[in-house]
Amino acid sequence: MTDTDATPTEVPVADADWWRQATVYQVYPRSFADSDGDGLGDIAGVTSRVPYLAQLGVDAIWLSPFYPSELADGGYDVADYRDVDPRLGTLADFDDMVAAAHGAGLKVIVDIVPNHTSDQHVWFREALASEPGSPARARYVFRDGLDGGATPPSTWPSNFGGSAWTRLTRPDGTPEQWYLHLFAPEQPDLDWSNLEVRDDFKATLRFWSDRGVDGFRVDVAHGLAKDLVEPLRDANPKDFGLPTDGSDPLYDRDEVHEIFQEWREVLDEYDPPRTAVAEAWVARERVSLYARPTELGQAFNFELTRAEFDPAEFRTIIESNLELAAESGASSTWVLSNHDVVRHATRYGLPATTDGDAFLLSGGTSPELDRATGLRRARAASMLMLALPGSAYVYQGEELGLFEVADIPDDQLQDPVWIRTEHGLKGRDGCRVPLPWDTSSPAFGFGTHEPHLPQPAWFADSAVSVEEGDADSTLSLYRRALALRHQLQRGEDLTWVDDDPAVVHFARHDGWHSVTNFSTEAAALPEGEVLLSSGPVETPAGGAAQLPGETTVWLRVR
Ligand code: GLC
């Protein structure tokens, strides 16, 4: 890792490389902005907020699924990969959104969900209407049960709780085959050894690329290749992590890389080549395989979503992921929050990050949330993330410092996790509550109708209209940080500065330093011009400037 002496001006990146240092804003479309007052966010809502995103200073928008779906899993159950859910708009609305985003200089990334379809997908309906052994069933994973048919074909668990197998029943009530679903029963798994499946997804990649989409986020990328040779082997228990030799029957198998090599050929048909980022929950040393330039090009590093607010943990994660990114030729990715995890302002305000599930189950009462600490740490961690080389993924609402909504009434929860774990886990609705845009309208400016998940009264404090007028708000902090990042961010350089074990301090090019104090006690602030800080920096009369506890400061050091 080297430093250069270039002047810190806005450096235009070659278009094909735009993703390497991009800040990507994740939109969860049904909860972003509702333009037609039906309580569900929609594509025109996204278009209406493009100026907000441009002003925020992000480089790209990633949209979680907006495809036709019965919403058994928040849209990750796709009934038609090449259309827009009518409740969210039309393909023409989508084209308008892309045009508006591109007009504002923002790239557009869409989610592609290849591991499973919805049970409403035409293929699955056809499979149900067809006989065992038919070509229609061969697109999915249908098997006879064991012990005369009554026992599931294997012990494989669903990620949402319970068995990964559901048995079919004929209209006359006779039970028949079982089908595989690693997630909800409404999400039957595809069989990726089937060439028709492979070709169809390549057609989907081309469909959206032809419409001007700049890249893809690949859902459950590590799950597509499965060892379906009978007898089906037991999978590795989730809590022990996946093996590093590709030997699990369900996840991270070596054959999966052949699929992504084929995808790369399709993505490279375009100029600039379309980008892709893998969602692959695999052992750290295997993540970079998905990110090779001959495959998807980038893979999510989710380690910060699970880390405590701890300097040693942060530093290890940063070091190892930069090394891995360099090995694969990708740039690193950084994620503090997304639609699947407890928001980081809440994680950091609980005694331990792992308390999130218990906190949600208790309706937000136990363990107790320390909001001031959570937000202070979240702001510090966000600034640290934005100073790192690589791309940063910002989840809608984190720029407002939103906390998780923990008290959604049970009967309004939507996440299949809640039902499938028999109320053992609350699931992910608490980070998917529609955004507060202002304080005057009934749904905090999200729309005119009751939103599909209830918004808490305290959203009023974090509405965009409120934070915009407050120079110390989290929104103002993100805006300033992203504007500076635009000027400064380039290259993969990072040099550690070791002065205090409670402090994570690194230098980038041009004297740009990021210094995060993880302890609650003030620490020495290195000399330099303060460019931005996540909390107030005070200089005691006659003394040297201090770096307050749980604060990040960006400096220019000459
Ligand atoms: C991914 C998505 C998650 C979804 C699952 C099944 O992990 O991020 O939201 O439930 O895939 O598609």
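Which residue in E6 does tryptophan 165 stand opposite? In this predicted model, the residue facing tryptophan 165 is leucine 180 of E6. Four bridges join E5 to strand E6, which spans residues 175-180. The two strands run antiparallel.

E5 and E6 belong to an open sheet of three strands. The order is E4-E6-E5, and the pairing is antiparallel. Strand E4 (142-143) and strand E5 (165-169) stand at the edges. Each has a single partner strand, so one side of each lacks a neighbour in the sheet.

Phenylalanine 94 lies in helix H3, which covers residues 91-103. Its relative accessible area is 0%, and buried means under 20%, so phenylalanine 94 counts as buried. Beyond its neighbours within four places in sequence, phenylalanine 94 contacts Ile43, Phe66, Val84, Val110, Trp208, Arg211 and Val213. Glycine 549 is 455 residues away from phenylalanine 94 along the chain. The C-alpha atoms of these two residues are separated by 45 Å.

Confidence was examined along the chain. The average pLDDT is 95, and 97% of the residues score at least 70. Among the elements, strand E1 (residues 23-27) has the highest mean pLDDT, at 99. Helix H7 (residues 284-290) has the lowest, at 92. Over residues 1-9, pLDDT stays under 50. For residues 1-9 the model has 22 contacts beyond four places in sequence. Where pLDDT is low, predicted coordinates should not be read in detail.

Notes:
Residues are numbered from 1 along each chain as its sequence is written. This is a predicted model: local features need pLDDT of at least 70, side-chain atom pairs count only at pLDDT 80 or more; totals for chains, interfaces and linings use all residues. Side-chain values use heavy atoms; hydrogens and water are left out. pLDDT is the predictor's confidence in each residue, from 0 to 100. Contact means heavy atoms within 4.5 Å. Two strands pair if DSSP finds at least two bridges between them. Buried means under 20% relative accessible area, exposed over 50%, partly exposed in between (1.4 Å probe, protein chains only).
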